[in-house]
Amino acid sequence: MGEPRAVTDVMRLHTPDGLPVQATWIYQPNDPLAVTVEFDVDPNQTIAWTFARDLLAGGLHRRAGVGDVVVFPARAIGYPGRTALVLRSPGEGEVVLLAATTALARFVGRTMAWVPAGGEG
């Protein structure tokens, strides 16, 4: 059996008011600087956001990103143990999603084990 082509994790995120959102996180070594998060909004539509893996990794510990994607420890807004993911789309608005920090850290760790930071070259 061949080597897997991607690191994936499915996790449940929540909006600050508790609405659950299913997310699939994807890392592909052929695009080692990026991660993708996909949301199934209905059976026929998936929305995908792709952004820098370093932004996600940094956001586990401090505010990272400007513009369309921002990641930061959500304890700053009253959610200890969670990481906030802010996605902004011009003309569409923004959404704030909360993820368990341990689950995101595990995903980031798996990507780093496959392609270490600095080894993306």
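User: How much of the protein is buried?
Analyst: Buried residues make up 39% of its 121 residues. Buried here means under 20% relative accessible area, with over 50% being exposed and anything in between partly exposed (1.4 Å probe, protein chains only). Bear in mind that this is a predicted model: local features need pLDDT of at least 70 and side-chain atom pairs count only at pLDDT 80 or more, while totals for chains, interfaces and linings use all residues. Residues are numbered from 1 along each chain as its sequence is written, and side-chain values use heavy atoms, with hydrogens and water left out.

User: OK. In what order do the elements run?
Analyst: From the N terminus on, they go β-β-β-β-α-β-β-β-α, so 2 helices and 7 strands, taken as DSSP runs (helices H or I, at least four residues; strands E, at least two) numbered from the N terminus.

User: Now the nonpolar core. How many residues are in the largest one?
Analyst: It has 28 residues, and Leu13, Trp25, Phe39, Phe51, Leu56, Val69 and Phe107 are those with the most contacts inside it. Another core lies apart from it, with 6 residues, including Val70 and Phe72. A nonpolar core is a set of buried Ala, Val, Leu, Ile, Met, Phe, Trp, Tyr and Cys residues joined through side-chain atoms within 4.5 Å.

User: What about Val71, buried or exposed?
Analyst: Buried, with a relative accessible area of 1%. Val71 sits in strand β5 (residues 69-73). Leaving out residues up to four places away in sequence, Val71 touches Leu55, Leu56, Gly59, Arg62, Arg63, Ala64, Thr83, Ala84 and Leu85, where a contact means heavy atoms within 4.5 Å.

User: And which residues does Thr111 touch?
Analyst: Val7, Tyr27 and Arg53, again not counting residues up to four places away in sequence. Thr111 belongs to helix α2 (residues 101-114) and is buried too, at 1% relative accessible area.

User: Switching topic: which residues lie nearest the centre of the largest pocket?
Analyst: Phe39, Ile47, Trp49, Leu87 and Val95, out of 13 lining residues. β3 (34-42), β4 (45-52), β6 (82-89) and β7 (93-100) each give two or more residues to that lining, and β7 gives the most, with 4. For the cut-offs: on a 1 Å grid over the protein atoms alone, a pocket is an open set of points where a 1.4 Å probe fits, with protein on both sides within 12 Å along at least five of seven lines; lining residues have an atom within 4 Å of a point.
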